[in-house]
Amino acid sequence: MNHFLYEDSGEFRAATVLSESETSLQAETTSGKRVKIRSAHVLLRFDQPAPEALLPAARTLAESMDIDFLWECAPQEEFGFEEFASEYFGDGRGTVEAVALLLKLHGAPVHFHRKGRGRFRPAPPEVLRSALATLERRRREQEQIEADAEAMRRGELPEAVARQAAQLLVRPDRNSPAWKSLERALSAEYPTPERLLCSLGAFASPREMHLARFRTEHFPQGFAAVMPGDPLTGVQRTMAALPLAEVDAFSIDDASTTEVDDCLSVQALPGGGWRIGVHVAAPGVVIAHGDEADLLARARMATVYLPGEKITMLPEALVQMFSLDAGREAAVLSLYVDTDAAGERIVARASRVERITVAENLRHEAVDDLFDRAALESSNDERHPRSAQFRVLWRLTCALAAAREQVRGKPEPRFAADFSFHIDRDDGTERVRIVQRRRDVPLERIVSETMILANSEWARLLSLARVPGVFRAQQAGRVRTTTHAAPHQGLGVGQYMWSTSPLRRYVDLVNQRQTLAVLAGRRPPLAANDTELFSIVSAFEARYGAYVDFQQRMERYWCLRWLAQERLRRAAAVVVREDVVRLVDAPLYFSVSGMPAELAPGRRIEVELLAADEIDLSVQARFIGIDASADEAALPVNGADEDAAGGSLS
């Protein structure tokens, strides 16, 4: 016979024999290509019809054949297609009929299972029923996908998509009907899932979209910190057993601060000198390692601060129990340092666990203007009842900063601005205020320096006791978290750890419990080389990094809302690097087209704001020129080391 049918990579082809050996054939395909085919791959030999006519004719015939009828007629055991074709077509069986049957059987894997080249076996009835049901389900599912996609193109939001809208933006199941329909509905007008879902009303606003995505990824049980049982059991009894310190303690925080976790005190020592106290809220005296409150805090790792709102690490009842609010007693871990008569050199230091009565909660907004450098360096400025105490604290602050700068080998940058966001909600409207405050304000420096002192001293205490903790170290410009003490070159201290925000950060709570154990002479909850400690470090770094990123995204969102609210078209900006700038009046960073490459960082310029997008948080702007109203000196744009302020979320 002159022609043959063979299988090539799952496809059937016809060719003409040119020559033949025992194991192979030299042949010419219908396209004119010469090929070598192994004899084992040949399924059928024939003379008529011509190879180029065979498969088209067979496909036409196969389309008219009923696969269910074929299944009913087929032998129940394994069979070859030629023998079945002879039974099925009888005397009318020819090459076209045999190949048509082969194509039909091959194209129906649900009804017929392949058992070799050209050989099949009908699926058992129960297997066929199950497979057909699956196919029907998939058909209905595909119809629903197309219907939902079409609905979204018309501007309608299908219930299935609405129900899992946030999940579709976080870690979508790309095989799910909801994702497939969403993907099909994307268009040039709405090219991303975020943009399409917002346009369909899946989220009340872009802000709700950002929040929902964050909640789905990191807080699947919701933002509220809820703990079973009574978290306050035994708290009063435990606190009452602590000695009461006779100190006049006061805090300094922003007006928006509701969980006060540190206070200061100043006492004159007999014979000269001063005793300065740093008092940190001590939830570690009650929240034991591994109890319910600890597990909740460990799952969250930190309080997330967003403009106008926060997501607490601990239940509100526990936060309020340990917050250092004015007029109430609270448990604290205190560091006392005694200075010389000049107040510039520490001559003694001690740490203890105790109770204090908080006398006053001062707010930066109310007192910063009263305590500039001139007032603090004057010996007779008494505009505030605590003027004398602040002068003592200022002298120590300057001495400590100078000592650290000597170790650093360069001055510490203190002239960048911090920005606070205030969201005023009234009658269903939201208005954002962005307030700028310089880090070099004396009271800011006092708080920062005393916190660095406490964090460094308690890190030193653990290091001397050979007790592990969650330390912060910086060498060669790289900040890292470690379980053993190491120098922090950026701060200019021999060792450092976060421990002054235990109501807001889990590693501070861990470090506080380690410190409490050392002071009490007990075995610490976590030992050296404890795998649980390494697990905490790893989990904290991942969570904290995600929180910082989200905080920055939400601050960027509110900056864009502020631009729209103020209807800004032109604005002053500060060059950060190359084509990246930051607005002077808001912490909004973006690229500017057309900006001269030679402008130095810190240079003040004027930009035109062309467009802003609250969904992808993008800004389009172009360079207008140098800000002629600005001073010729470059403005600082880089802040101090994040550890100096306790991190972005503190």
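User: Why does Glu7 count as buried?

Analyst: In this predicted model, the relative accessibility of Glu7 is 8%. Buried means under 20%, so Glu7 at 8% counts as buried.

User: What makes Glu7 and Arg114 a salt bridge?

Analyst: The closest N and O atoms of Glu7 and Arg114 are 3.1 Å apart. The cut-off is a Lys or Arg side-chain nitrogen within 4 Å of an Asp or Glu carboxyl oxygen, so the pair at 3.1 Å is a salt bridge. It links distant parts of the chain: Glu7 is in strand β1 and Arg114 in strand β7 (residues 112-116), 107 residues apart.

User: Why is Arg114 called partly exposed?

Analyst: Arg114 has a relative accessibility of 38%. Partly exposed is the range between the buried limit of 20% and the exposed limit of 50%, so Arg114 counts as partly exposed.

User: What makes Arg93 and Glu82 a salt bridge, and where do the two residues lie?

Analyst: Their side chains meet at 3.1 Å, N to O, and the limit is 4 Å. Relative accessibility is 26% for Arg93, which counts as partly exposed. Glu82, with a relative accessible area of 33%, is partly exposed.

User: Glu259 and Lys310 also form a salt bridge. Which parts of the chain does the pair tie together?

Analyst: The N to O distance for Glu259 and Lys310 is 3.1 Å. Glu259 lies in the loop between β9 (249-253) and β10 (262-268), and Lys310 in strand β13 (residues 309-311), so the parts tied together are 51 residues apart in sequence.

User: Buried or exposed: how does Glu259 count, and what about Lys310?

Analyst: Glu259 has 4% relative accessibility; that is under 20%, so it counts as buried. Lys310 has 30% relative accessibility and counts as partly exposed.

User: What makes Glu136, Arg139, Arg140 and Glu143 one network?

Analyst: The salt bridges among Glu136, Arg139, Arg140 and Glu143 share partners, and this joins the four residues into one network. In the whole structure, a search finds 39 salt bridges.

User: Why are β4 and β5 said to stand at the edges of their sheet?

Analyst: The sheet is open, with 5 strands in the order β4-β3-β2-β1-β5 and antiparallel pairing. β4 (34-38) and β5 (42-46) each have a single partner strand, so one side of each has no neighbour in the sheet. With direction ignored, neighbouring strands of this sheet are turned by 45° against each other on average.

User: How do you know that β1 and β2 pair?

Analyst: Strands β1 (residues 3-8) and β2 (residues 11-20) are joined over 6 bridges in the antiparallel sense. Pairing needs at least two bridges, so these strands pair. Leu5 stands opposite Ala14 in β2. Helix α1 (residues 51-63) packs on the sheet and touches β1, β2 and β5; its direction makes about 160° with that of β2.

User: How do you know that β6 and β8 pair, and which residue is the bridge partner of Gly80?

Analyst: Strand β6 (residues 79-80) and β8 pair over 2 bridges, in the antiparallel sense. The requirement is at least two bridges, so 2 bridges meet it. The bridge partner of Gly80 in β8 is Arg119.

User: What joins β7 to β8?

Analyst: The antiparallel strands β7 and β8 are joined by 4 bridges, and Arg119 in β8 is the bridge partner of Gly116. β7 and β8 form a hairpin with 2 residues between them, and Gly118 in the turn has a positive phi of about 75°.

User: Which residues of helix α9 are buried, and against what do they pack?

Analyst: The buried residues of α9 (residues 193-200) are Pro193, Leu196, Leu197, Cys198 and Leu200. They pack against α5 (125-153), α6 (159-163), α7 (165-170), α8 (177-185) and α10 (206-218). Gly201 follows α9 and has a positive phi, near 85°.

Methods: Residues numbered from 1 in each chain as written. Predicted model: local features only at pLDDT ≥ 70, side-chain atom pairs only at ≥ 80, totals over all residues. Heavy atoms only, no water. Axes fitted to C-alpha atoms, helices over the stretch in contact; angles between N-to-C directions. Contact = heavy atoms within 4.5 Å. Buried < 20%, exposed > 50% of the residue type's maximum accessible area, 1.4 Å probe, protein only.
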